[in-house]
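Have the sequence and the 3D view side by side before reading on. The paragraphs below go through helix packing first, then the ligand, the overall size and some local details.

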Amino acid sequence: MLKYLKFYKDRDVIIKKARDQYVWDVNDTKYLDFHTGHGVAFLGHRNPHVVNSLINQLNKIMTLSTSFRAKIREEMLELLSKIVPSEFEYVTLLNSGSEAVDFALKIARKAAGRKKIIYFHNSFHGRTFGALSVTGNPRYRRGFEPLVPETLSVKYNDVDGVERVVDENTAAVILELIQGEGGINIASLDFVKVIKQRCMEVGALLIIDEVQTGFGRTGKIWAFQHYNILPDILISGKAIGGGFPVSAVFLHGFLANKLDPGDHGSTYGGNPLACAAVKASTEVLIDKNVPEQAKVKGAKLLSMLKKRLSDSRLIRDIRGLGLMIGIELRTKPQNIIRCAQDNGLLILKAGLTVARLLPPYLINDEDISWGVEVLDRCINEELSSKITN
Ligand SMILES: Cc1ncc(COP(=O)(O)O)c(C=O)c1O
């Protein structure tokens, strides 16, 4: 019998079903889900509107090349137009965040007619060769080099570094406004302003990767709206499909005009099911005012975490924006993640020492208080075990 080749640590639990902000294991134990499949189920598991849209589409047509037009694709475009600035005249759908990043890098090289791509320490853009080449974590790169040439990294939030390396040979800068996998590191206003300015001065493109931050999670539809900047290329993934595997690359007309037929393609990209999922997810985002809910609930969760945990000797920092929150510890987070799971709360790690919370937008006050209580208990337990050892 085949074994599944896994690259994420096994959580030692068999999950049977999910609904909204909860999942259940085979023993019917209920978990509050602040993991959400690495942030995918931000609209809640099996969001009924998304599920209905997918079922409707399944009953019509499942697969169709983008060579052929489809009503559902047009409907999706109409919806997506409502949530991006009008400068983004084009969008293309792909199947994962990494794939979208690879395409964005290709667009940048071809459109700018330059090769150099700048990325940041601790960034995470994915694991395909292109995306890995701009991922600033040696752990993921080791064993796979040489990667794509002329990719250069700078320290995150290092304004001088940006001024030093972004020059007339630069095709693009790729940036996460909050580093997710890297440890919930938030870009400073100044840093982002200088990157944008510098890109404009030298004619480089700004690619903002919102695979994790996008689609309402940080309290605005897009995290770039907190910074008052406009990216040239915007990448979305995870939450945009409400659980269906899909990513999106939005770009300005002047960039699309520099691309030719055959420059890119994907068998599954833009398939009718993905379009149905994105369309319905966008409707939920708008109709339920998801970003506002993420803002209010995120602020509440963050402030309760700070109040309850900040004094602990195990805590270095608690930070985040909207429903993207990191608890930086003075130790590795594994025991705390395990303890939370054993107590019915699913969370994940970020960087080496951060416990990351990516709750869905529909968590309620009870979930928030209960989640904070579990984390408090687990952090205390970890502290006591450290003292006794
Ligand atoms: C910011 C960011 N970009 C890209 C990716 C890669 O996405 P995927 O795993 O769907 O390829 C991730 C995944 O966590 C991410 O957080």
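How far apart are the axes of helix 3 (residues 71–81) and helix 10, and at what angle do they cross? The two axes come within 9 Å and cross at roughly 30°. An axis here is a line fitted to C-alpha atoms, for helices over the stretch in contact, and angles run from 0 to 180 degrees between N-to-C directions. Helix 3 and helix 10 are therefore roughly parallel to each other; angles under 35 degrees count as roughly parallel, over 145 as roughly antiparallel, 65 to 115 as roughly perpendicular and the rest as oblique. Their crossing is left-handed, a term used if the near helix is turned anticlockwise from the far one by less than a right angle, with right-handed used if clockwise. From helix 3, the contact is made by Ile72, Arg73, Glu75, Met76, Leu79 and Leu80; from helix 10, by Pro272, Cys275, Ala276, Val278, Lys279, Thr282 and Glu283. Two residues are in contact if their C-beta atoms, placed from the backbone, lie within 7 Å. Sorted by class, these are eight nonpolar, one polar and four charged residues. Ala, Val, Leu, Ile, Met, Phe, Trp, Tyr, Cys and Pro count as nonpolar, Asp, Glu, Lys and Arg as charged, and the others, Gly among them, as polar.

The model is predicted: local features need pLDDT of at least 70, side-chain atom pairs count only at pLDDT 80 or more, and totals for chains, interfaces and linings use all residues. Residues are numbered from 1 along each chain as its sequence is written.

Helix 10 (residues 272–287) also packs with helix 2 (residues 48–58), at an angle of about 150° and with the axes 8 Å apart. That makes helix 2 roughly antiparallel to helix 10. The crossing of this pair is right-handed. Among the residues in the contact are His49, Val50 and Ser53 of helix 2 and Leu273, Ala277 and Val284 of helix 10. The contact of helix 2 with helix 10 divides into eight nonpolar, five polar and two charged residues.

Now turn to helix 12 (residues 334–342) and helix 13 (residues 365–388), which pack at an angle of about 135° with their axes 9 Å apart. Helix 12 and helix 13 are therefore oblique to each other, and their crossing is right-handed. Asn335, Ile336, Cys339 and Ala340 in helix 12 meet residues of helix 13 that include Val374, Leu375 and Cys378.

Next comes the ligand. Of the 15 residues around the ligand, Ser96, Gly97, Ser98, Gly126 and Val211 come nearest; a residue counts as near if its C-beta atom, placed from the backbone, lies within 6 Å. Helix 4 (residues 97–112) gives the largest share of this shell, three residues. The shell has three nonpolar, nine polar and three charged residues.

Taken as a whole, the protein has 13 helices and 17 strands, which are DSSP runs numbered from the N terminus (helices H or I, at least four residues; strands E, at least two). Its C-alpha atoms fill a box of roughly 60 × 55 × 45 Å along the principal axes. The radius of gyration is 21 Å, which agrees with the value near 21 Å for a compact globule of 389 residues. This radius is taken over C-alpha atoms, and the globule rule is 2.2 Å times the number of residues to the power 0.38.

Two backbone details remain. A cis peptide bond, with omega about 5°, joins glutamate 145 and proline 146. Proline 146 is in the loop between helix 6 (138–141) and strand 6 (151–154). Histidine 38, in helix 1 (residues 36–39), has a positive phi of about 60° although it is not a glycine.
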